[in-house]
Amino acid sequence: MSKNPEAAEYGDFQTPPTLAQSVCELLARDHGNPAALLEPTCGFGNFLFAGLDRFPSIQQALGSDINAAYVASAKAVLRDRPDAEKVRLTTADFFQTDWLSVFADLPAPILILGNLPWVTSAGLGTLKSRNLPEKANFQNHHGLDAITGKANFDISEWMLIRLVEALNGRQGVIAMLCKSSVARKVLAHCWRKKISLATSALYRIDSALHFDVAVDAVLLVMELTPAANQTTAEVFPGLRAGQAEAVIGFEDGLLLADVNAYRGGRHLRGAESIKWRSGIKHDCSKVMELFGEGERFRNGLGELVELEETFIYPMLKGSDVANSRTTTNRFMLVTQRSVGEDTARIETIAPRTWDYLVAHSALLDKRGSSIYRNRPSFSIFGVGEYSFAPWKVAICGFYKRLRFAVVGPLGDKPVVLDDTSYFLPCQTKLDAEFLAGLLNSPAAQAFYRAFVFWDAKRPITAEILRRLDLRRLSEQAGMAHEFDLLELGSNREPLLWPA
C-alpha cells in the first residue's frame with residue numbers, strides 16, 4: 001500500500017485527526033463514559049488525544065507504539081495538554097506486551113481505540129521484517145488451504161483477536177479502523193469462541209479519502225460485557241448513518257452476510273448433491289495459455305509456436321464466464337488428466353509439445369506455490385476427469401455477480417476453465433440447462449446472498465456454493481423427479497422453467 005519501506009513494514013497509516021474526532025463523536029452516542037482509554041499502536045496519538053477531548057470521564061489513558069520517534073512526537077504534544085497527568089506514553093512492541101496484565105491495571109469500562117497495521121504476514125515476510133507475531137496457524141486452516149495462501153493473514157486480525165481475548169470478561173469497548181475482511185474474521189472468531197460481546201457494529205469508511213488506499217475498510221465497534229453472547233452485527237454505510245444497510249451474524253456455525261436471508265432459506269442448506277469443482281490452476285499463463293493463429297498458436301511471450309493439439313483445449317477465463325462469453329480463441333495446454341499423473345508420456349505422444357515445455361521449463365520451475373513441489377515436471381493442479389466434461393454450469397468467483405452460465409464444447413473438445421471459476425460437470429446440454437435453471441432461480445439466489453460478502457477479494461467460493469442442497473431446491477421447485485434423472489442422457493424433453 002505504501003511506497004515507504006518502513007511504512008509498509010509497520011502498516012503505517014496515521015489516522016487523520018478529523019477522522020479520529022468523528023469516530024469519538026460516534027462512540028459518545030452509545031459508549032459515553034469510559035474510565036480508561038488505550039491506543040495500543042498510537043503513532044502520533046491522534047486517537048488518544050481525540051478520546052481525551054471527547055470523554056471527560058477518563059481517569060487513565062495509555063498509548064504505546066513500537067516507533068520511538070512517534071512516541072516522542074506524541075509526548076511533545078502531551079506536554080501542552082492540561083490532562084497530561086492522566087496519560088502514560090510508552091515505546092513498546094505490541095507482540096511482546098502482556099495485554100491481560102495491562103487491562104488488569106486499568107479501571108473499567110475500558111475504551112480501546114486505534115488503527116492497527118494494514119499489512120499481511122506475507123507482506124512482512126517479503127520485507128524480511130521481524131515485526132511479526134509468533135508463527136502459528138491460529139486460523140486452524142488444514143491441508144491445501146494452509147499451503148496455497150489461506151494461511152496468510154492480516155497482522156491486524158491477529159492483534160485485534162489478542163486484544164478481544166484479553167478484554168473478555170470485563171466491561172469495555174473496542175473501536176478499531178481495519179479492513180472489512182479483518183472485521184468479519186475477528187467477529188467470526190469472537191462468535192465461535194463465545195466471547196462476551198454485548199453489541200457489535202461496522203461503519204464503512206472511505207479509505208481512499210482518509211488514507212489514499214483502495215481498500216474496503218470499516219470502523220469495527222465491539223462492546224464487551226461479562227456473560228453477554230450476542231451473535232449479530234449491524235453494518236452501516238458511514239459513520240453518520242442512522243440506519244443499518246445489513247445485519248451480519250453467526251448461526252449454525254456459519255458466518256452470514258445477511259442473517260434474515262439465511263433464516264428464510266435455511267431449509268435449503270444440506271449435503272452437496274453434485275460436487276462443485278474449480279478450474280485448472282497452472283500459475284504460468286505466458287507458457288500455458290495460447291491464442292490460435294491459423295494452424296499455430298501464440299503464447300504470452302509473443303512466440304508463435306506449432307504444437308500438436310493432443311494436449312490443447314479451448315479455455316474460458318473467469319471474466320468470460322461472468323460476461324456470458326462462450327466462444328473463445330484462447331487455449332490452455334493441459335499436461336495432465338489427473339493430479340500427479342506422469343507427464344513424461346507427453347514426449348512420446350506429442351514431441352513438439354514436450355520440446356516446447358522443456359524450452360520453457362525455467363519459467364515453469366519458478367512457480368512459487370508449494371503445490372508443485374515433488375510433482376512431475378510441468379504439473380498443473382485442480383484437474384481431473386471432471387475438467388473434461390463436455391458441458392459445465394460455471395460461475396466466476398471474483399465477479400460481484402451471482403449468475404451461472406452454461407458452457408458447452410467447442411468443436412470436438414470440451415472447454416476448460418481457469419482457476420477463478422467453479423463449475424458443475426455435466427454430460428448433456430439438458431442437464432446443464434436444468435442445473436443452471438435451478439441455480440439462477442430466485443430461491444437459490446436468495447440463499448447464496450446470505451453468505452456472499454461482495455467486498456471480499458473472492459466473493460464466491462466453492463465452500464459457499466457447496467452449502468446449497470440442489471435436490472432440496474429441486475423439491476421446493478416441484479422438480480425432484482427431473483433432478484433424479486440427471487445424467488440419463490439426452491432423451492429427455494427440454495425442461496421449461498417458469499418465467
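The predicted model has a mean pLDDT of 89 for the protein, and 88% of the residues reach 70 or more. pLDDT is the predictor's confidence in each residue, from 0 to 100. Over residues 123–129 the pLDDT is below 50, and this stretch has 11 contacts (heavy atoms within 4.5 Å) beyond near neighbours in sequence. Residues 141–149 also stay under 50, with 12 contacts beyond four places in sequence. Where pLDDT is low, the predicted coordinates should not be read in detail.

Residues are numbered from 1 along each chain as its sequence is written, and side-chain values use heavy atoms, without hydrogens and water. In this predicted model, local features need pLDDT of at least 70 and side-chain atom pairs count only at pLDDT 80 or more, while totals for chains, interfaces and linings use all residues.

Helices (H or I, at least four residues) and strands (E, at least two) are DSSP runs, numbered from the N terminus. Helix 4 spans residues 68–78 and buries Tyr 70, Val 71, Ala 74 and Leu 78; buried means under 20% relative accessible area with a 1.4 Å probe, protein chains only. These residues lie on the same side of helix 4, because they cover an arc of only 100° around the axis, taken from the directions from the helix axis to the C-beta atoms. Their cover includes helix 3 (46–54), strand 2 (60–65) and strand 3 (87–91). At the start of helix 4, a side-chain oxygen of Asn 67 comes to within 3.0 Å of the backbone nitrogen of Ala 69.

Strand 13 (residues 296–299) has Phe 297 and Asn 299 on a covered face, and Arg 296 and Arg 298 on an uncovered one. Strands pair if DSSP finds at least two bridges between them. Strand 12 (residues 289–293) pairs with strand 13 in the antiparallel sense over 4 bridges. Leu 290 has Asn 299 as its bridge partner. Their hairpin has 2 residues between the strands, and Gly 294 takes a positive phi near 65°. Strand 13 also runs antiparallel to strand 14 (residues 304–305), joined by 2 bridges. Here Arg 298 stands opposite Leu 304. This second hairpin has 4 residues between its strands, with Gly 302 in the turn at a positive phi of about 85°.

The structure holds 16 aromatic pairs. Rings of Phe, Tyr and Trp (its six-membered ring) pair if their centres lie within 6.5 Å; planes under 30 degrees apart count as stacked, over 60 as edge-to-face and the rest as tilted. Trp 99 and Phe 103 form a tilted pair, 6.2 Å centre to centre with 35° between the planes. Both are buried.

How values were computed
Buried means under 20% relative accessible area, exposed over 50%, partly exposed in between (1.4 Å probe, protein chains only). A polar contact is a pair of N or O atoms within 3.5 Å; within protein, one must be able to donate a hydrogen and the other to accept it, and residues adjacent in sequence count only if both atoms are side-chain atoms.
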